[in-house]
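Hi,

Here is the structure I promised to pass on. Have a look at it first, and then read my notes below.

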Amino acid sequence: MPIKYVPFIPEPIEGQAVLGNFNRILKYKGAGDVSMTIQRGMPLYEMEKQETVGENPDGNMVIRGECVSACAYLKEKGMQVDLVYIDPPFASGADYAKKVYIRRNPKVAEAVAQAEQQLDIDELKVFEEKMYGDVWDKEKYLNWMYENLMAIKSVMSETASIYVHLDWHIGHYVKILLDEVFGEENFRNDIIWYYYNKMPDMRKPIFTRSHDIIYFYSKNKDNPYIFNLQLEKRLEPVKQLIRKKVDGKMVNARDENGNVMYRNSEDRIVDDVWRISMLQPADKEEPVGYATQKPEVLLERIIKASSNENMLVADFFGGSGVTAAVANKLGRRFIHCDIGLNSIQTTRDRLKTDGAEFEVLEIKDGVQLYRNPVQTMDKIKLLIPGLKNEDSLDSFWEGAVSDSKLGTIPVYVPNLMDSSSKLLDKVMMNRIIHQAIPDLDSNIKKVIVYYIDITDEAEIQKFIKEDDSINIEIELRDLKTVLDDVIIGDYSEFHIEETRDDLFGGYAVAIDKFISDRVLSKIAEFNQKAFLNSSAKKPYKPIEISEDGLEQIEFLSVDCTAAEGEWHSDSEIKIDKNGYMIVNGTKTKEFWDGQIRCDKKPFRLKIRNICGDETVWNISY
C-alpha cells in the first residue's frame with residue numbers, strides 16, 4: 001500500500017483543446033446515486049536506498065520505479081526540476097529486447113591470453129531477453145500519458161522546460177495532451193530529429209520514415225524559461241551580411257564608404273530541424289547494449305539549450321541513462337527514473353564508468369523485485385492456473401479460466417506499466433462493475449479480479465455487495481502471491497583467499513560454481529527454437545554451459561563496509577561481451593580470471609547474471 005497520496009490537480013487548462021474520448025477522472029455512483037469524483041493524487045511509496053556511489057554532494061538519483069510514484073517522492077521532498085526530457089514508449093506495437101551474451105569461461109579466457117590469440121567475435125553466443133513491450137490500446141496509452149504528464153508538471157519549477165520525444169505512431173495525439181496540460185501558449189517547438197543516414201525501406205510503398213518528433217514546452221509563459229542559442233558548424237563557410245540594430249530596427253551594416261559589409265560565417269544558429277550525424281540505434285557508436293538508446297549529442301543539445309550548470313535535469317523514462325550521463329558531463333545535477341531493472345543496471349554501470357556520484361533508490365510498490373513489467377506479465381499468464389487467451393473477451397480482461405460448473409470465468413490482471421491500475425479501490429471496482437462486466441456475454445456467472453494493492457478489502461467487498469446492478473460473482477485475489485513464484489534465486493559456490501596483490505592487496509573471492517535457473521531456462525528456450533529452425537544449410541549449434549557455469553556471470557561486487565543494509569561497492573568487476581574486465585569503472589584489456597579482489601575483508605558478495613538478476617551472499621569466515 002502507498003504511504004499516502006500526494007495531491008496534484010488533474011484538470012485541463014481552461015480553454016485548451018482536449019481529447020474528450022478518454023477518462024481522465026473516473027466517476028462512480030455512491031450513496032443516494034450522487035455522482036462523485038475521486039481524485040487520489042500520486043501514490044507515495046516507501047523509497048529504499050540501495051547504494052551510494054561516491055560522496056554524492058549534489059543529491060543525484062537513479063530511481064527504479066514508475067514516473068508517477070517518483071514524482072510523488074520528489075514533490076513530497078519539495079524538490080523541483082529545471083529541465084525534463086522524456087523518451088516514453090511510442091505506442092509502436094513492438095517488443096524490445098536486449099541481446100544477452102554468454103561470457104567466456106575464465107579458464108578459456110586465461111588460455112587465450114597466454115597463447116596471445118584473439119577469438120573471433122562471431123564465436124560469442126547470444127540470445128535475446130525481452131525488456132518491455134510497446135503494445136498499447138490507444139485510449140489506455142493516452143490516459144496513462146496524461147497522468148504521467150500531470151505528475152511531471154507538478155515537480156517542474158516555474159522556469160522549467162520539458163522535451164517529449166516521440167514519433168509518428170502517437171505523437172500527434174500526445175501533442176494535444178501537451179497543449180491541454182501545459183497550455184498552447186507554452187508550446188515552443190516541434191523539433192524534427194532527422195537521421196538522414198537511415199537505410200531506405202524498399203518493402204513498403206511509402207516514403208522512408210527518417211525522423212522523430214520532440215515537443216518542446218515551457219512550464220509558464222509568465223516566467224522567463226532558460227534558453228541558450230545553440231550553434232553548429234556549417235559544412236563550408238558562407239558569405240553573410242553583417243546586421244546591426246539602429247533605432248530599434250535591424251539594418252545592413254555599411255563601411256565608411258557606404259558599402260554593405262559581409263563576413264565569412266562558419267557557424268549557423270540551430271533551428272528546429274536537427275540533422276545529427278549518428279546512426280540509429282545509438283549503441284552502434286556508443287555501445288551500452290540498450291535497444292532504444294539515444295545518442296549523447298542529441299541530449300547535449302537539449303541540455304545545453306534549456307539548462308545551466310548546477311541545474312537539475314530529470315528523465316522519468318530514463319532507458320539507457322543517456323540523459324543522466326550527459327547531464328553529469330555538462331555539470332548538471334540529474335535524476336534518472338525507469339521501471340526496468342535493465343535500465344537501472346545499465347545506467348548505474350555507465351555513470352560509474354564516467355566517475356559520476358549518485359544514489360540508487362528503489363520504490364517499494366510490491367512489484368520491483370522483478371526485472372521488468374513485460375516479463376512479469378508474461379510469467380503471470382503461465383503462473384495463474386488455467387489462464388488462457390479468450391478472443392471473445394474485451395482487452396480489459398487478461399484472459400479466462402474454465403470451470404466445469406461455472407463455464408468461462410474472465411480474469412482481470414492489473415497492467416504493471418500503469419500505476420493507476422495497481423490499486424484496487426472503489427473507483428477501479430466501479431469501473432469493473434459498470435463498464436467492463438456489462439460488456440460480457442450474458443452467460444458469464446463469475447469473474448476473478450487480481451490486485452497489487454487494495455485500499456480495504458472489507459470496504460471493497462461491501463461496495464460490491466451493495467451494488468445490485470449485476471448478478472455476477474466477483475472474486476478478489478492478491479497478485480503478489482503469484483509474483484512470489486516468478487524468479488528462482490541464483491546459486492553460487494565460492495571461497496576466500498588471502499592474497500599479496502600489489503594493486504588490490506589482501507583478499508580475493510574466487511567463484512567456484514554459479515547456476516542461474518533464469519539463464520538456463522532462457523538458453524533451453526533458445527536451443528529448442530534453434531533446433532526446430534535448423535537445416536542442412538543452418539545446422540543446429542546449441543549454446544552449452546560448462547559445469548562451473550561462470551559464463552553466466554556479468555558483474556561482481558564485494559561490500560567490505562557493512563554486512564547488511566545499503567550496498568557499498570568497495571570493489572567491482574563488470575565483464576563485457578568480449579570477456580574483458582571493467583574494474584571499478586576502468587576499462588581494461590584483461591580477461592576475468594574467476595576472482596574479485598579487494599584490500600579489506602569482504603562481508604558480502606553480489607553477482608549479476610547475464611540476464612540482469614542480482615543476488616547477494618553473506619561471506620562467513
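First, the sheet: 10 strands make up an open sheet with mixed pairing, ordered β5-β20-β6-β19-β18-β7-β10-β12-β11-β17. Strands here are DSSP runs of E with at least two residues, helices are runs of H or I with at least four, and both are numbered from the N terminus; two strands pair if DSSP finds at least two bridges between them. At the edges stand β5 (47-53) and β17 (273-274), each with a single partner strand, so one side of each has no neighbour in the sheet. Further in, β10 (residues 156-166) and β12 (residues 211-218) run antiparallel, joined by 6 bridges.

Keep in mind that this is a predicted model: local features need pLDDT of at least 70 and side-chain atom pairs count only at pLDDT 80 or more, while totals for chains, interfaces and linings use all residues. Residues are numbered from 1 along each chain as its sequence is written, and side-chain values use heavy atoms, leaving out hydrogens and water.

On confidence, pLDDT (the predictor's score for each residue, from 0 to 100) averages 83 over the chain. It stays under 50 over residues 24-38 and over residues 115-123.

Cheers

Definitions and conventions
Contact = heavy atoms within 4.5 Å.
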